[in-house]
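This report walks through one protein model with its ligands.

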Amino acid sequence: MRVLFKIWRNLCRAALALLAALCLALLAHGCRPPAPSEPAGDAAGRPTLRLFLLSNVAGVLEPCGCTSDQLGGLDHLAALIEAERTATSRSLVLAAGPLLFATPALARETAPQLRWKAEAVALAMSDIGLAAWAPGASDWADGAATLGRLRALARADLLGAKLDAAPAIVSRLYELRGVAVGVLGVSAPAGLPGAVRAEARALVGRGARLLVALVAMPRGEALRLAEAVPELDLMLLGKPSEPGELDDEPPEPTTVASTLVVQTANHGRAVAIVDVLLAPAPEASAGARPGRAQLHLAVREVREAAGTSPRTAVRLRDYYRRVDEHNARVYADARPPPVPDGQAGYVGAARCGSCHEAALRQWQGTAHARAHETLTQRFAAHNFDCVPCHVTGYGQPGGATVTWGEPLRGVGCEECHGPGSLHCEQPEQQGLVRVQPEPQSCAQRCHRPPHVRGFDPVAKMALVLGPGHGR
Ligand code: HEC
Ligand code: HEC
Ligand code: HEC
């Protein structure tokens with residue numbers, strides 16, 4: 001489904017200069033939506049300008065690829081925006097919430113990988129033409145110097161924060177072929193409405209025909225801000241921080257007073273396209289601001305079907321290769337924790353198969369046996385984001401690491417039956433392996449969102465069994 005919904009807003013109002021404020025109409029209704037590339041209704045058949053809005057990209061380049069047709073992929077997003085941009089000669093790409101990193105701090109081991117991923121996100125944003133974003137707290141995860149460097153790579157303005165100081169409101173006027181759009185960023189906590197309103201009025205004073213706020217704040221506070229600053233035409237909402245790797249279910253767009261408030265799905269899974277139809281330029285009368293703009297919103301999911309930007313696809317590929325080469329080399333000596341005395345370590349499927357030949361053969365026909373190969377094909381075989389679920393006993397005593405454990409590649413017997421070294425030594429002794437693996441643990445550890453949705457562990461466990469193995 002290309003278009004989820006649209007909101008028509010048609011609002012007139014008068015005088016900034018404390019004359020009569022006359023709100024004529026505020027219409028929000030969901031009639032049959034035209035595709036976003038269709039005209040927003042002016043005589044020339046084109047919107048005055050088109051905005052592309054993104055919330056909470058949070059350092060995600062693309063979905064993991066564990067299941068088919070997952071949403072997201074900055075290479076697809078870039079292609080989508082490139083195609084939709086042609087509908088108008090004026091467009092602006094804006095974002096709110098964490099852009100580069102998801103976590104407030106980087107663990108030492110994974111820091112290089114996360115830094116390069118953030119760099120690839122920044123480069124993708126420069127491809128896409130991001131003009132500005134209001135950062136979330138995690139954008140500082142690697143310090144202000146890295147943020148400054150990545151901002152420069154993205155060639156985007158950081159609004160709503162100063163690199164060298166506490167968060168603040170920062171705004172900028174973008175001149176789009178004779179139309180000035182005022183964009184202000186807010187990522188500071190409460191207590192701001194007065195300052196934001198003053199900033200908004202200053203932008204109008206400088207000729208802004210449209211006012212957009214990029215806000216990285218808790219939703220409740222953001223909605224109160226929208227109420228307190230009626231000058232805003234549009235508010236793009238991002239989170240102050242991204243609580244985890246999960247995909248979110250963003251709230252529906254809403255209108256607060258006269259401000260359209262939009263939040264898109266995180267991780268680049270959707271983009272909001274807002275077509276703006278400006279009222280005629282102001283009469284010379286008494287400094288009055290012209291009538292409010294009409295906004296037409298369409299939310300587009302980002303999928304493979306949107307096409308692929310070759311340039312951005314190369315950014316992604318380069319990231320995977322760089323990490324793969326680096327991790328293979330730098331973590332070549334990474335070993336799992338030692339096996340405590342008296343406990344079992346991991347031996348690998350081949351060893352189990354030396355006694356359980358039929359079970360081994362049956363397992364070899366399952367996707368579990370190929371789970372590591374599938375990463376190799378994608379240059380992800382040493383990637384911290386991927387390896388843990390695609391090998392056996394990752395990080396466990398005597399288990400696998402991103403480089404260690406050749407016999408443990410793929411999801412082997414011991415992922416279900418438990419580490420088996422003691423059982424191999426004393427097969428007759430009861431209780432040294434799990435005889436009936438618990439299906440729920442598959443759902444908790446690996447077959448879980450965002451990688452896999454709607455997993456039925458009991459039904460699926462039956463599928464990994466077959467003649468010679470449990471049947
Ligand atoms: C040296 C041969 C040998 C090796 C190696 C071996 N097993 Fe076994 N395994 C046996 C024997 C023999 C039994 C049957 C013991 C019994 O009847 O009590 C058994 C029983 C089992 C059972 C329980 C079957 C049941 O119905 O009670 C499971 C599960 C199992 N093995 C899994 C594994 C796994 C996983 C590995 C690799 C970590 C492994 N085995 C390695 C010989 C081996
Ligand atoms: C939380 C565990 C987990 C992580 C982390 C994970 N995967 Fe997976 N992956 C899975 C599971 C489970 C499947 C099997 C999905 C299914 O078939 O239902 C899978 C399947 C796959 C497949 C096979 C898809 C197919 O259609 O055959 C690929 C490719 C893959 N993952 C790539 C990746 C990459 C690349 C990463 C890192 C960016 C990654 N995975 C990280 C759990 C994970
Ligand atoms: C995805 C989880 C999973 C993997 C991987 C797995 N098993 Fe099993 N295995 C099971 C389940 C579930 C049963 C059936 C338990 C029951 O009877 O309820 C089972 C049963 C068994 C049994 C006892 C029944 C029989 O047919 O002998 C043995 C032995 C066994 N597995 C060995 C292996 C070996 C060896 C491997 C690796 C080559 C392996 N398993 C891989 C889940 C797994």
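Helices and strands here are DSSP runs, numbered from the N terminus: helices are H or I runs of at least four residues, strands are E runs of at least two. This is a predicted model, in which local features need pLDDT of at least 70, side-chain atom pairs count only at pLDDT 80 or more, and totals for chains, interfaces and linings use all residues. Residues are numbered from 1 along each chain as its sequence is written, while chains are lettered from A and ligands numbered from 1 in the order in which they are written.

**Overall make-up**

The protein chain has 14 helices and 13 strands. A residue is buried if 20 or more other C-beta atoms lie within 10 Å of its own, exposed if 12 or fewer, and partly exposed in between, with C-beta atoms placed from the backbone. By that count, 44% of the 471 residues of the protein chain are buried. Two residues are in contact if their C-beta atoms, placed from the backbone, lie within 7 Å. Among contacts in the protein chain with a separation of 6 or more, 71% join residues 24 or more positions apart.

**The ligand shells**

A residue is near a ligand if its C-beta atom, placed from the backbone, lies within 6 Å of it. Ligand 1 has 16 residues around it, and C352, C355, C413, G420 and P427 come nearest. Three helices, α7 (349–353), α11 (413–417) and α12 (421–425), each supply at least two residues of this shell. The largest share is three residues, from α11.

Ligand 3 has 21 residues around it, with H356, W363, C413, C416 and G470 nearest. Here α7, α8 (357–364) and α11 each supply at least two residues. Again α11 gives the largest share, four residues.

For residue classes, Ala, Val, Leu, Ile, Met, Phe, Trp, Tyr, Cys and Pro count as nonpolar, Asp, Glu, Lys and Arg as charged, and the others, Gly among them, as polar. The table sets out both shells.

| Shell | Nonpolar | Polar | Charged |
|---|---|---|---|
| Ligand 3 | twelve residues | eight residues | one residue |

Two residues of α8 deserve a look. L360 lies in this helix and counts as buried, with 20 C-beta neighbours inside 10 Å. Leaving aside neighbours within four places in sequence, L360 is in contact with A349, C352 and G353. Its C-alpha atom is separated by 8.4 Å from that of C413, 53 residues apart along the chain. R361 is also placed in α8, but is partly exposed, with 14 other C-beta atoms within 10 Å. R361 and G468 are 107 residues apart in sequence, yet 8.0 Å apart C-alpha to C-alpha.

**Helix packing**

Two packed helices are described by the angle between their axes and the distance between the axes. Axes are lines fitted to C-alpha atoms, for helices over the stretch in contact, and angles run from 0 to 180 degrees between N-to-C directions. Angles under 35 degrees count as roughly parallel, over 145 as roughly antiparallel, 65 to 115 as roughly perpendicular and the rest as oblique.

Helix α1 (residues 74–85) packs on α2 (residues 111–128) at about 10°, with axes 9 Å apart. The pair is therefore roughly parallel. L74, L77, A78 and I81 of α1 meet V121, A124, D127 and I128 of α2. That contact holds seven nonpolar residues, no polar and one charged.

Nine of the twelve residues of α1 are buried, so this helix is largely enclosed by the rest of the structure. Its cover includes the strands β2 (49–55) and β3 (91–96), and the helices α2 and α6 (310–330).

On α2 also packs α3 (residues 143–154), at about 30° and with axes 7 Å apart. These two are therefore roughly parallel to each other. The contact between α2 and α3 divides into seven nonpolar, two polar and two charged residues.

**Backbone exceptions**

Most residues other than glycine have a negative phi, and most peptide bonds are trans. R155 has a positive phi of about 55° and is not a glycine. R155 sits in the loop between α3 and β5 (157–158). F379 likewise has a positive phi of about 55°, in the loop between α9 (373–376) and α10 (387–390). A cis peptide bond joins P449 and P450, with omega about 0°. P450 lies in the loop between α13 (439–445) and α14 (457–463).
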